[in-house]
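Work through the exercises below with the model open. Each task is followed by its solution.

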Amino acid sequence: FTQGGIRKRYSGGFRDDAFHGEGELVVELDSLRLLQGQPHVIVRYHGEFLCGEPIATSDPHLRRVTWAARDAVARWFPLVEGGEDHGLQDSGQQPTDFAAVFYS
């Protein structure tokens, strides 16, 4: 499948048309060149996928989230807009590489 112009391959379990259970998600080799210069991107994940379970919607503490916290979530966990990726979470802003800052 393609997400944000990057070809990925998933092998593993599904539940309600979503990744679920033991599985592996890998960026296809022909898409790796598009990710050069982005060392924070995960190109292979093997492990447990959990989805389709309404965990957060029933948490009463989430109803008291401040506007500052909502802004932080929007900044660090933005949604991809438009096209086939509408409503999917993007990788967000690249985290600060403190080692690079320290040694430069």
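Buried means under 20% relative accessible area, exposed over 50%, and partly exposed in between (1.4 Å probe, protein chains only). The model is predicted: local features need pLDDT of at least 70, side-chain atom pairs count only at pLDDT 80 or more, and totals for chains, interfaces and linings use all residues. Residues are numbered from 1 along each chain as its sequence is written, and side-chain values use heavy atoms, with hydrogens and water left out.

**Exercise 1.** Classify Phe19 by its relative accessible area. Do likewise for Tyr10 and Phe14.

Solution.
- Phe19 has 24%, so it is partly exposed.
- Tyr10 has 12%, so it is buried.
- Phe14 has 52%, so it is exposed.

**Exercise 2.** How many aromatic pairs does the structure hold? Classify the pair of Tyr10 and Phe19, then that of Phe14 and Phe19.

Solution.
- Start with the rule: rings of Phe, Tyr and Trp (its six-membered ring) pair if their centres lie within 6.5 Å; planes under 30 degrees apart count as stacked, over 60 as edge-to-face and the rest as tilted.
- There are eight aromatic pairs.
- Tyr10 and Phe19 have ring centres 3.7 Å apart and planes at 15°, so they are stacked.
- Phe14 and Phe19 are edge-to-face, at 5.8 Å centre to centre with 70° between the planes.
- Ring pairs join Phe14, Phe19 and Tyr10 with Phe1, Tyr45 and Phe49 in a cluster.

**Exercise 3.** Describe the surroundings of Phe1.

Solution.
- Phe1 is partly exposed, because its relative accessibility is 47%.
- Contact means heavy atoms within 4.5 Å.
- Leaving aside neighbours within four places in sequence, Phe1 contacts Ile6, Arg7, Lys8, Tyr10, Phe19 and Leu25.
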